[in-house]
Amino acid sequence: MRLLNTLFLLPAALAPLCSGFYIPGWSIRSYKDKDPIPLYTNKITSPTTELPFAYAELPFVCRAEKGGFGSKFGRRNIGLNLGEVLRGDRISVSDYELVMGEDQPCKHLCDRKISKRDAIMANRLVRSGHVVEWIVDNLPGATSFVTVDKSKKYYAAGFKLGYVENEEAYINNHVTIVIRWRRMPEHDDRKIIIAFEVYPKSVDGPQGKCPRSLDNQKPLALQFPDGDGKDTMTIPYTYSVYWKEENSIDWANRWDLYFVNDEESVHIHWLAIVNSVVIAMLLTIVVAIVMLRTLSRDIQKYNEAGSSSDPEAKKVSEEAEAEEDTTGWKLVHGDVFRPPTMGGLFAPVIGSGVQLMIVMVSLIILSATGVLNPSYRGGFISFGLFLFAFAGVFSGYFSTRVYKTFKGDNWKKNAMMTGLIFPGFLFGSTFVLNLFVWAQASSTAIPFTTLLALLFMWLCISLPLVYFGSYFGFKRDPWEHPTRTTMIARQMPPQPWYLKTIPSILLGGVIPFAVIFIELLFVFKSLWQDKSTYYYMFGFLGLIAGVLLLTVMEISIVMTYFLLCSENWQWWWRSFLVGAGSAIWVFIYSAWYYWTRLSVQGWVSGLLFFAYSALACCVYGVLVGTLGFLASYAFVRKIYGAIKAD
């Protein structure tokens, strides 16, 4: 009882301590009048390329100066979590002066002298539609819009680096910053920031100072006049700051404006769910017919024939059985549990699939409950990597259980293969792709120290946990099978075309793909097309993922049943591949999306798109393939456990 009281009182005791820390998305940060507030610059992104760049490292923007306004906040480069680094964030403190409550009609930041090469780079980035991401109080700088019916206001994260007009590129070198605030409840002397808007403008103003008026100013073109002999040009950077009180938005709802425009797509999400449920129901009916009618009748007749002592009754039963067209599965009872070819590879793959399954379910739950949210920048990737590392114990456990069921005795070798094959494939592929990103000097290039951290997580955390799980898995008894395996393998008759390997995989993958293809459009849009938006409808995604998993299980069971009815007892790998078949259709869908929806420029960006899509499909395929195998394995054990076989 004393222990329970201590556990209940512990959060209350730690609350004052926790209030001294800022937890993104959960803790409220407040300011007093005249408090300095840092403005962080992050990166620039574009829908036409998969290569973002760090804003602070661009050669045509203002450099942070030693002793500048941003130096009072400590280090210029902000420490990032693992997810932020991997997604290409490069956050640093700028010299834009933000002081709570103090408006700045216009302030000069710097004059940036650039070469022709730098101007060409700026011109190219502007023409490719790059968007700049700034951050204030953990809110991304937003461009404000209104809906088509002008009834709602919404935000798009980031603002344009420049614009193109009459085939001429202009750079936005002046920004009007509008920060909306409200008073903190129960603390009238403190204010909280609830919105951060940025309105960019191109101004060909004087050097060293602000123009007299920002209205009717000629825009600054990124070009060198022919014949003037100049090799450099100067870009004057200026900005304005306005603080506006806004009491209609609560701090807890300040991210809602970034999602208002997506609310119109809610009915499409519901359509996707209805589509998924209808497909799953139809497939469930098919499985029910197979299980309740065909299988029950087959099992009953088989058992009656086996237990009857009357020769005439047994003969009649055999003749009736011969007339049935779905009795072939009983003939392979002596071969159905024969270990598959390459069983030493099969067990590690199943272990990795269980590992991925735990990661996926955990991430969806954490995201749907709001623990992982857009304000926790990089949290989804960070949590995913740590969950994958610590789920290695489950990978080793289930891999070894399958391996021991195949009469394997070298559990250490199996543990090593489980911990190295699939994670090694992912790490090696990422490393090779990273070489191309390094060559392009993109911010998504993974630093060497981060690669070492990933290697440490893999070899020093995940791999030992795989051994730990394998040790306990090997201590357990192997799964017992209801029938004995014969010494000589039964010869299989010719198979119909739809049960051959490739057709069965493609046919088995169509139905699960039909369950998710609508929701995939939103995921693809968030990942590849509109990088200024945030995918946040994890509740819908969780529902569709649940229906998907049910569909994969059912389609694997049905295909395995058809396979056994054709006297094909090599169902182990086939049940896995049929379950993973939808990954092929997802990759084809990705290729269709690339050619019809995207305008990606450059072969490196195209290579990254298809390579990352292939990696994602491999991860997805191993996950759902494992689920398909586990469902088929339970099904096969169930039906063969119900018959009386010698």
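Trp573 counts as buried, at 18% relative accessibility. The cut-off for buried is under 20%. This is a predicted model.

Phe346 is also buried, with a relative accessible area of 0%. Phe346 and Trp573 form an edge-to-face aromatic pair. Their ring centres are 4.9 Å apart, with 80° between the planes. Phe346 lies in helix H6 (residues 343-368) and Trp573 in helix H13 (residues 572-579), so the pair ties together parts 227 residues apart in sequence.

## Aromatic groups

Phe346 and Trp573 belong to one aromatic cluster. Its members include Phe406, Trp479, Trp571, Trp572, Phe576, Phe629 and Tyr633.

The structure holds 50 aromatic pairs. One of them is stacked: Tyr163 and Tyr170 have ring centres 5.3 Å apart and planes at 25°. Tyr163 is partly exposed, with a relative accessible area of 28%. Tyr170 counts as buried at 15%.

## The cavity

The count comes to 1 cavity of 30 Å³ or more. About 80 Å³ of space lies in the largest cavity. Its lining has 13 residues, and the closest to the centre are Tyr55, Trp134, Phe159, Asn172 and Tyr237. Strands E7 (131-136), E14 (174-184) and E16 (232-245) each give two or more residues to this lining. The lining residues divide into 9 nonpolar, 4 polar and no charged.

## The whole chain

The chain has 15 helices and 16 strands. Of its 646 residues, 51% count as buried. The accessible surface comes to about 31,600 Å², and 62% of that belongs to carbon and sulfur atoms. Among contacts with a separation of 6 or more, 80% involve residues 24 or more positions apart.

Note on methods:
Residues are numbered from 1 along each chain as its sequence is written. This is a predicted model: local features need pLDDT of at least 70, side-chain atom pairs count only at pLDDT 80 or more; totals for chains, interfaces and linings use all residues. Side-chain values use heavy atoms; hydrogens and water are left out. Helices (H or I, at least four residues) and strands (E, at least two) are DSSP runs, numbered from the N terminus. Buried means under 20% relative accessible area, exposed over 50%, partly exposed in between (1.4 Å probe, protein chains only). Contact means heavy atoms within 4.5 Å. Accessible areas come from the Shrake-Rupley method with a 1.4 Å probe; for residues, only the protein chains shown count as cover. On a 1 Å grid over the protein atoms alone, a cavity is a set of points where a 1.4 Å probe fits but cannot get out, and a pocket is an open set with protein on both sides within 12 Å along at least five of seven lines; lining residues have an atom within 4 Å of a point. Grid points are joined across faces, edges and corners, and a volume is the space filled by probe spheres set on the points. Ala, Val, Leu, Ile, Met, Phe, Trp, Tyr, Cys and Pro count as nonpolar, Asp, Glu, Lys and Arg as charged, and the others, Gly among them, as polar. Rings of Phe, Tyr and Trp (its six-membered ring) pair if their centres lie within 6.5 Å; planes under 30 degrees apart count as stacked, over 60 as edge-to-face and the rest as tilted.
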